[in-house]
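Student: Could you take a close look at one aromatic patch in this model and walk me through what surrounds it, with the cut-offs stated as you go?

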Amino acid sequence: MSVCPPYAPFFGFAGVSSAMILSTVGAAYGTSKAGIGIAGLGTFRPELIMKSLIPVVMSGIIAVYGLVVSVLIAGALNPSQPYSLFSGFLHLAAGLACGCTGLAAGYAIGIVGDSCVRAYVYESRVFVSMVLILIFAEVLGLYGLIVALILNSGVDNSGC
């Protein structure tokens, strides 16, 4: 068995798609869930809408993490150069690490954003707690980005 089979780039492209798709689904869920809370807030206290957009912005950053990892992995896929199976599995692991943590972070941001924005209507002191919890949820996605970057740095195609 060759260390550079013709199906090895499949795993690299699976890493590209999993990073992009899963992190974008997480960001979309976070945006929609927090947006529902903001829509509920806007009917009672419209002056608080701009301050309540923080969960939406933070959930959009999760999609950017997936985009960065996808671009880095796709940049390493060159049809004129050999691509090892080890590199394909590393790229798949990097894409899954970023995508799965992006999905989890998006869900966390959406749930926290929705509930805290709804509570913000009645109690303004909840804002600081909301921001802190959102930062911790964002760090989950950042952790996946860092793991994906570390995995991507271990790719070496010299073994073909």
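Tutor: F89 counts as partly exposed because its relative accessibility is 42%, where buried means under 20% relative accessible area, exposed over 50% and partly exposed in between, with a 1.4 Å probe and protein chains only. The model is predicted, so local features need pLDDT of at least 70 and side-chain atom pairs count only at pLDDT 80 or more, while totals for chains, interfaces and linings use all residues. Residues are numbered from 1 along each chain as its sequence is written, and side-chain values use heavy atoms, leaving out hydrogens and water.

A search of the whole structure finds 4 aromatic pairs (ring centres of Phe, Tyr or Trp, the latter by its six-membered ring, within 6.5 Å; planes under 30 degrees apart are stacked, over 60 edge-to-face, the rest tilted). One of them joins F10 and F11 edge-to-face, with 5.4 Å from centre to centre and 75 degrees between the planes. F11 also pairs with F89 in a tilted arrangement, at 4.6 Å and 50 degrees. Because F11 lies in helix 1 and F89 in helix 3, this pair ties together parts that are 78 residues apart in sequence (helices being DSSP runs of H or I, at least four residues, numbered from the N terminus). F10, F11 and F89 thus make up one aromatic cluster, in which F10 is exposed, at a relative accessible area of 57%.

Helix 1, which spans residues 8-44, also holds S17, whose C-alpha atom is separated by 7.4 Å from that of G95, 78 residues apart along the chain. S17 counts as partly exposed because its relative accessibility is 32%.

Methods
Helix = DSSP H or I, 4+ residues; strand = E, 2+ residues; numbered from the N terminus.
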